[in-house]
Amino acid sequence: MPEQKTVEKETLEAKAVLKYARISSRKVKIVADLIRGKKTDEALAIVKFTPKASSEIIEKLLKSAIANAENNHGMNRGNLIVSEIYANQGPTLKRIRPAAKGSAVRIRKRTSHITIVVKEEN
C-alpha cells in the first residue's frame with residue numbers, strides 16, 4: 001500500500017529583531033505577554049496605551065515586523081497576527097559607583113535581544 005504524504009501549507013512569516021536594547025528583558029516580557037497571539041492592529045493599540053518603558057521599543061519593532069511582512073513577503077496587513085514575541089537577555093554592562101568608606105558598588109546595566117514574528121492568519 002503506498003504511503004500517503006501530508007502536504008503542509010507553507011505559512012509565511014516575517015520577523016523583526018532588535019539586539020542590544022538598553023532595557024532589562026524582564027521588563028520587556030511584561031508587555032510581550034500582553035500582545036502575544038493578538039492581531040497586529042490590536043497589538044499596536046495595546047502597546048500604544050501601555051504605560052511601560054518597553055512599550056515604545058516594542059511598538060517600533062512591531063511596526064517594523066509589519067512593514068517587513070508587507071514589503072518583503074507580500075502579506076496582507078489585515079490578516080497578520082503576532083505569532084511569536086520573546087526577549088532574551090543580552091550582555092550586561094558592568095559599571096562601578098562609589099559608595100561609603102571608600103568602597104565601590106557594582107551597577108549592572110542590562111541589555112536584551114527582542115524578536116517579533118508575525119504570521120498571516122488563515
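Author: Start with burial. Buried means under 20% relative accessible area, exposed means over 50%, and partly exposed lies in between, with a 1.4 Å probe and protein chains only. This is a predicted model: local features need pLDDT of at least 70, side-chain atom pairs count only at pLDDT 80 or more, and totals for chains, interfaces and linings use all residues. Residues are numbered from 1 along each chain as its sequence is written, and side-chain values use heavy atoms, with hydrogens and water left out.

Reader: Is His 113 buried or exposed?

Author: His 113 has 18% relative accessibility, so it counts as buried.

Reader: Where does His 113 sit?

Author: Helices (H or I, at least four residues) and strands (E, at least two) are DSSP runs, numbered from the N terminus. His 113 belongs to strand S5, residues 112-120. S5 is mostly covered, with seven of its nine residues buried.

Reader: What does His 113 touch?

Author: Contact means heavy atoms within 4.5 Å. Leaving out residues up to four places away in sequence, the contacts of His 113 include Leu 18, Lys 19, Tyr 20, Tyr 86 and Pro 91.

Reader: Which backbone nitrogen lies 3.1 Å from a polar atom of the His 113 side chain?

Author: A polar contact is a pair of N or O atoms within 3.5 Å; within protein, one must be able to donate a hydrogen and the other to accept it, and residues adjacent in sequence count only if both atoms are side-chain atoms. Here the nitrogen is that of Tyr 20.

Reader: Which strands pair with S5?

Author: Two strands pair if DSSP finds at least two bridges between them. Strand S1 (residues 13-21) pairs with S5 in the antiparallel sense over seven bridges. In that region, Ala 16 stands opposite Ile 116 of S5. S2 also pairs with S5 in the antiparallel sense, over nine bridges. Gln 89 has Ser 112 in S5 as its bridge partner.

Reader: What does Lys 15 touch?

Author: Lys 15 is in strand S1. Not counting residues up to four places away in sequence, Lys 15 touches Ala 65, Asn 68, Thr 115, Ile 116 and Val 117. The C-alpha atoms of Lys 15 and Lys 119 are separated by 8.8 Å, although these residues are 104 apart along the chain.

Reader: Now the charged pairs. How many salt bridges are there?

Author: A salt bridge is a side-chain nitrogen of Lys or Arg within 4 Å of a carboxyl oxygen of Asp or Glu. The count comes to five. One of them joins Asp 41 and Arg 77 at 3.6 Å, N to O. This pair links distant parts of the chain: Asp 41 is in helix H2 (residues 40-48), and Arg 77 is in the loop between helix H3 (53-73) and strand S2 (80-89), 36 residues apart. Asp 41 is partly exposed at 43% relative accessibility. Arg 77 is partly exposed at 33%.

Reader: Which residues are linked in a network of salt bridges?

Author: Lys 48, Glu 59 and Lys 63 are. Lys 48 meets Glu 59 with the closest N and O atoms 3.8 Å apart. That pair links helix H2 to helix H3, 11 residues apart. Glu 59 also bridges to Lys 63, at 3.5 Å, N to O. Glu 59 and Lys 63 are four residues apart in helix H3, so about one helical turn separates them.
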